[in-house]
Amino acid sequence: MRASAKIDEKRCMNYLIEDQDQLKEIEPLFKELGERGGEVAVDTEFFREKTYRAKLCLMQLGIDGDQYCVDVLAIDDLQPLKDLLVDERVLKLFHAARQDMEVILQTLEVMPKPIFDTQLAAAFGGLDMQIGYSALVQDRLDIELPKSQARTDWTRRPLSTEQVQYAADDVAHLAQLRELALQDLNDNGKFDWFEQELADYYDASKYLLEPALAFQRLSGGGLKIKQQYALKALAEWREAQAQKRDIPRSWVLKDDALFDLACRMPRTDEEALSLGVFGRKSGRYLAPQAVQIINELEVGDEVIWTKVDPLTKQQKKTVSNLMRKLSELAKQHHVAQGLLGTRKDVEGLYRHGQSEKLLEGWRAEIVGQPLLKALEAEQA
Ligand SMILES: [Zn+2]
């Protein structure tokens with residue numbers, strides 16, 4: 001590595017990779033990692049306020065104790081990075097992997113594999129499911145990291161020394177955290193649970209929302225069947241619009257506006273505009289499209305959202321008792337409660353006597369079955 005690329009002369013371990021040549025220079029390192037089946041710590045910094053897709057600004061890599069902050073905004077050909085991320089011989093270490101994987105998938109269009117998630121591993125060790133990187137570093141390594149740069153503007157160039165230092169810190173301790181976590185998982189017989197949970201991370205459909213599935217984010221249980229079909233079609237249209245124009249979906253239309261349109265079903269542009277749900281400018285082209293969707297709507301006879309009756313007082317008490325049991329089980333197995341299941345999961349199990357999440361895989365034995373037993377006892 002050329003001295004000019006060093007940004008920390010004292011520690012000589014943080015490198016800012018600012019152009020194509022510098023990326024090319026570290027590429028042999030990636031290749032060598034593959035050959036020896038090594039591991040790389042990965043983090044991303046991105047920006048997503050005014051866009052549908054995140055804008056990847058920086059990718060940090062931690063390799064053998066050195067940190068490489070790759071300025072992806074300054075480099076055209078990111079193929080070496082993509083190759084590294086998909087190299088099945090190289091383990092990618094993340095903290096809170098889902099967010100990074102989403103950004104990587106949306107921007108670089110590759111699925112990092114295989115991965116290790118230190119946040120997930122921490123949850124299997126009884127720590128909070130959402131534990132932050134700094135908190136985990138503090139807890140497990142007793143190292144206090146400088147205050148978060150979470151509000152920093154990662155699109156700004158040049159990046160400040162503080163920004164690069166902060167970014168590098170984000171991957172500096174992942175290898176050590178993983179080592180401790182792995183020991184823990186193995187010692188407590190939880191590695192298999194962890195692996196099962198991780199398998200779900202590679203499901204691309206979790207990160208790239210198909211417009212046709214956009215309705216799943218909404219709940220139209222209170223609507224008539226015709227209105228439900230309208231809402232589903234409008235949700236698909238809105239998602240496609242947002243993706244095409246790369247803006248947040250709420251900038252196309254807010255959820256409330258979609259419900260208004262689905263309920264009122266305007267048949268003409270004037271009618272649609274008079275509902276007051278469109279922006280002044282965008283309404284001119286969005287309203288006719290919405291009207292067309294409603295006019296061409298094909299209504300099936302299958303219910304899209306079933307109406308869920310609220311629980312009675314007694315039923316709520318039963319669910320609360322099951323939640324208490326869940327909490328006990330979490331303590332007993334020393335696993336984050338949220339990882340075992342949520343109130344929604346438990347309520348689903350209670351309502352339907354079944355649950356894909358709680359009664360399949362590693363959860364079945366340690367949560368699902370005990371909860372069913374508790375429910376039987378309760379109802380006996
Ligand atoms: Zn970060």
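Let me begin with a distance: in this predicted model, the C-alpha centres of domain 2 and domain 3 lie 37 Å apart. The protein chain is divided into domain 1, residues 3–206, domain 2, residues 211–295, and domain 3, residues 313–379. As for the overall dimensions, the C-alpha trace spans about 65 × 60 × 35 Å along its principal axes, and the chain has 17 helices and six strands. Of its 380 residues, 34% count as buried, and among the contacts with a separation of 6 or more, 63% are between residues 24 or more positions apart.

I would like to turn to the sheet. Six strands form an open sheet with mixed pairing, and their order is β1-β4-β3-β2-β5-β6. At the edges are β1, residues 14–17, and β6, each of which pairs on one side only. Neighbouring strands here are turned against each other by 25° on average, if direction is ignored.

Helix α1, residues 20–35, touches β1, β2, β3 and β4, and its direction makes about 120° with that of β1. Helix α3 also packs on the sheet, where it touches β2, β3, β5 and β6, with its direction at about 75° to that of β2.

Which residues touch the most other members of the largest nonpolar core? They are V40, L61, C69, V70, A123 and F124, in a core of 66 residues. Both domain 1 and domain 3 give residues to this core, so the core lies between them. Leaving aside residues up to four places away in sequence, C69 touches N14, L16, I17, L58, Q60, V164, A167 and A168. There is also a second, separate core, this one of 24 residues, and its members include Y229, A257, A262 and I294.

Finally, I have four places in the backbone to point out. Most residues other than glycine have a negative phi, and most peptide bonds are trans. Against that background, the peptide bond from K113 to P114 is cis, with omega near -10°, and P114 sits in the loop between α3, residues 97–107, and β6, residues 115–117. The peptide bond from R157 to P158 is cis as well, with omega near -5°, and P158 belongs to the loop between α5, residues 133–141, and α6, residues 161–172.

The other two places concern phi. D64 has a positive phi, near 50°, although it is not a glycine, and its place is in the loop between β3, residues 55–63, and β4, residues 66–70. Is D64 buried or exposed? With 12 other C-beta atoms within 10 Å, D64 is exposed. M265, likewise a residue other than glycine, has a positive phi near 45°, and it is found in the loop between α11, residues 255–264, and α12, residues 269–274. M265 has 17 other C-beta atoms within 10 Å and is partly exposed.

Terms used. Residues numbered from 1 in each chain as written. Predicted model: local features only at pLDDT ≥ 70, side-chain atom pairs only at ≥ 80, totals over all residues. Domains from an automatic or database assignment. Core = buried A, V, L, I, M, F, W, Y, C linked by C-beta atoms within 7 Å. Buried ≥ 20, exposed ≤ 12 C-beta atoms within 10 Å, placed from the backbone. Contact = placed C-beta atoms within 7 Å. Helix = DSSP H or I, 4+ residues; strand = E, 2+ residues; numbered from the N terminus. Pairing = 2+ DSSP bridges. Axes fitted to C-alpha atoms, helices over the stretch in contact; angles between N-to-C directions.
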